[in-house]
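Hello,

Here is the structure we discussed, with the sequence. My notes on it follow below.

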Amino acid sequence: MDINEIILEKVRRVKHVALDMDGTIYNGGTLFPFTIGFLDKMKELGIGYSFLTNNPSRSTNDYLKHLNDMGIKASKDEFYTSAQATIDYLRLYRPDCKRLFILGTPSMIKEFEEAGFESTMDDANDEPDAVVVGFDMSLVYSRLCRAAWWINQKKLYLATNPDRICPTDKSLVLVDCGSICSSLEHATGRKPDMIIGKPDPRMLNGIMERHNLQAEQIAMVGDRIYTDILMAQRASALSVLVLSGETTYKEAAALQPNPDLIMRDLAEFQEMILLAHSTF
């Protein structure tokens, strides 16, 4: 069996596709023209899909509306965000942490509050059990300083995701959670105790458990080497790097170990899936 046949066999085993969002199905506020066709084809082939995102700045309901506005109808059980993963982590491993100082958007803070956590104020007398730092697009300097203070007080310190920047179709650089955490590290000397989102394989393991899948039956498709692809490799899932977002082909070709597939975009991956099924 040659290399091409091995890859086609791996693709043929896929029963579910875990899709990154920014850089994979859309770029900022622009839906890629091939996305809806890809989703429709997966339904036609009986292949399930879920949306995974490291971006916690929107709640699940916000994401549902965002996709619906783009023409994609999705349900809550098709979503898993790094905020949800952080909530799950706290519930499972740190049930003692109920009061949180959250460096995040109002939408993210609301999601934590709806999950039963109490969000503490920017006040030295309002002591939290832990600090949670996310992709805070509403970042206020005083709150950044307060987060650094509680981190210096040895509070549990969690980050929702490691991303340095968020993909966008606008003429600016969207500073993401990883960069905010770098600022806090320079100020406090501490890195997060735990970074919850991709590439932590628990995000992908949750999808496997939800749909009763084995690792070889799921493909992780994303545009980032250090989150999407690394998570897929750590979870032993099919790793599919698309070049429609952050990563260039030169960067992808230099990666060791290589992703299972390097595709131009979802449309090319769809062609690969169709080829795998046609040669079955």
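This is a predicted model: local features need pLDDT of at least 70, side-chain atom pairs count only at pLDDT 80 or more; totals for chains, interfaces and linings use all residues.

Residues are numbered from 1 along each chain as its sequence is written, and side-chain values use heavy atoms, with hydrogens and water left out.

The helix pair

α6 covers residues 141-152 and α7 covers residues 177-188; they pack at an angle of about 55°, with axes 10 Å apart. Axes are lines fitted to C-alpha atoms, for helices over the stretch in contact, and angles run from 0 to 180 degrees between N-to-C directions. Helices (H or I, at least four residues) and strands (E, at least two) are DSSP runs, numbered from the N terminus. The crossing of α6 and α7 is right-handed, that is, the near helix is turned clockwise from the far one by less than a right angle. From α6, Leu144, Ala147, Ala148, Ile151 and Asn152 meet Ile180, Ser183, Leu184 and Thr188 of α7. Contact means heavy atoms within 4.5 Å.

Prolines and backbone

Pro162 sits in the loop between β9 (156-159) and β10 (165-166). Leaving aside neighbours within four places in sequence, Pro162 is in contact with Asn54, Gly178, Ile195, Lys198, Pro199, Tyr226 and Thr227. Two of those partners, Lys198 and Pro199, are joined by a cis peptide bond, with omega about 20°. Pro199 is in the loop between β12 (194-195) and α8 (202-211).

A cis peptide bond also joins Gln256 and Pro257, with omega about -5°. Pro257 belongs to the loop between α10 (249-253) and β15 (261-263).

Asn212 is not a glycine, yet has a positive phi of about 55°. Asn212 lies in the loop between α8 and β13 (218-222).

Annotated residues

An unreviewed UniProt entry lists Asp20 and Asp22 under "active site". Asp20 and Asp22 are both included in the lining of the largest cavity. On a 1 Å grid over the protein atoms alone, a cavity is a set of points where a 1.4 Å probe fits but cannot get out, and lining residues have an atom within 4 Å of a point. UniProt annotations may be inferred rather than shown by experiment. Asp20 is found in the loop between β1 (16-19) and β2 (26-27).

Regards

How values were computed:
On a 1 Å grid over the protein atoms alone, a cavity is a set of points where a 1.4 Å probe fits but cannot get out, and a pocket is an open set with protein on both sides within 12 Å along at least five of seven lines; lining residues have an atom within 4 Å of a point.
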